[in-house]
Amino acid sequence: MGTQLRISREDGSLPCEVCGFPTMHVAKVVADDGSVLGRTLVCTTCQRGKHRTEPPAVGSEAPPDEVPAG
């Protein structure tokens with residue numbers, strides 16, 4: 001199965017320095033046997049963007065689970 005990143009839904013999030021959205025999370029790096037190898041910061045918005053062929057224009061995309069005001 002390999003090493004996994006696990007993000008807790010109970011922990012809060014921080015603003016990402018790259019995209020600016022409050023979607024930066026502390027994730028546990030977990031081995032196959034369930035032992036925690038360490039922790040890392042993961043931005044769920046930027047991670048989704050890595051799968052696109054072209055980057056979106058700045059400010060053109062709302063973060064996950066949020067809608068633009070107005």
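This briefing covers the fold, the sheet, selected residues, the cysteines and the confidence of one predicted model.

The protein chain has one helix and three strands, in the sequence pattern β-β-β-α. Helices (H or I, at least four residues) and strands (E, at least two) are DSSP runs, numbered from the N terminus. Buried residues make up 17% of the 70 residues in the protein chain; buried means under 20% relative accessible area, exposed over 50%, and partly exposed in between (1.4 Å probe, protein chains only). Residues are numbered from 1 along each chain as its sequence is written, and side-chain values use heavy atoms, with hydrogens and water left out. As the model is predicted, local features need pLDDT of at least 70 and side-chain atom pairs count only at pLDDT 80 or more, while totals for chains, interfaces and linings use all residues.

**Sheet**

- The three strands form an open sheet in the order β1-β2-β3, with antiparallel pairing; two strands pair if DSSP finds at least two bridges between them.
- β1 and β3 are the edge strands, each pairing on one side only.
- Neighbouring strands of this sheet are turned by 35° against each other on average, direction ignored; the axes are lines fitted to C-alpha atoms, for helices over the stretch in contact, and angles run from 0 to 180 degrees between N-to-C directions.
- Seven bridges join β2 to the antiparallel strand β3 (residues 36-43).
- Across this pairing, H25 stands opposite V42 in β3, and A27 stands opposite T40 in β3.
- The hairpin of β2 and β3 has five residues between the strands, and G34 takes a positive phi near 90° there.

- A27 lies in strand β2 and is buried, with a relative accessible area of 0%.
- Leaving aside neighbours within four places in sequence, A27 is in contact (heavy atoms within 4.5 Å) with L5, R6, I7, G38, R39, T40 and V42.
- A27 and Q4 are 23 residues apart in sequence, and their C-alpha atoms are 9.4 Å apart in space.
- T23 sits in the loop between β1 (4-7) and β2 (24-30) and is buried at a relative accessible area of 7%.
- The side chain of T23 makes a polar contact with the side chain of T45 at 2.9 Å. A polar contact is a pair of N or O atoms within 3.5 Å; within protein, one must be able to donate a hydrogen and the other to accept it, and residues adjacent in sequence count only if both atoms are side-chain atoms.

**Cysteines**

- The model has zero disulfides, a disulfide being a pair of cysteine sulfur atoms within 2.5 Å.
- C16 is in no disulfide, and the nearest cysteine sulfur, that of C43, is 3.7 Å away.
- C46 is in no disulfide either, and the nearest cysteine sulfur, that of C43, is 3.7 Å away.
- C16 is buried at 6% relative accessibility, whereas C46 is partly exposed at 23%.

**Confidence**

- The protein chain averages a pLDDT of 77, and 66% of the residues score at least 70; pLDDT is the predictor's confidence in each residue, from 0 to 100.
- In the comparison by element, confidence is highest in β2, at 93, and lowest in helix α1 (residues 44-49), at a mean of 78.
- Over residues 52-57 pLDDT stays under 50, and the model has two contacts beyond four places in sequence for them.
- Where pLDDT is low, the predicted coordinates should not be read in detail.
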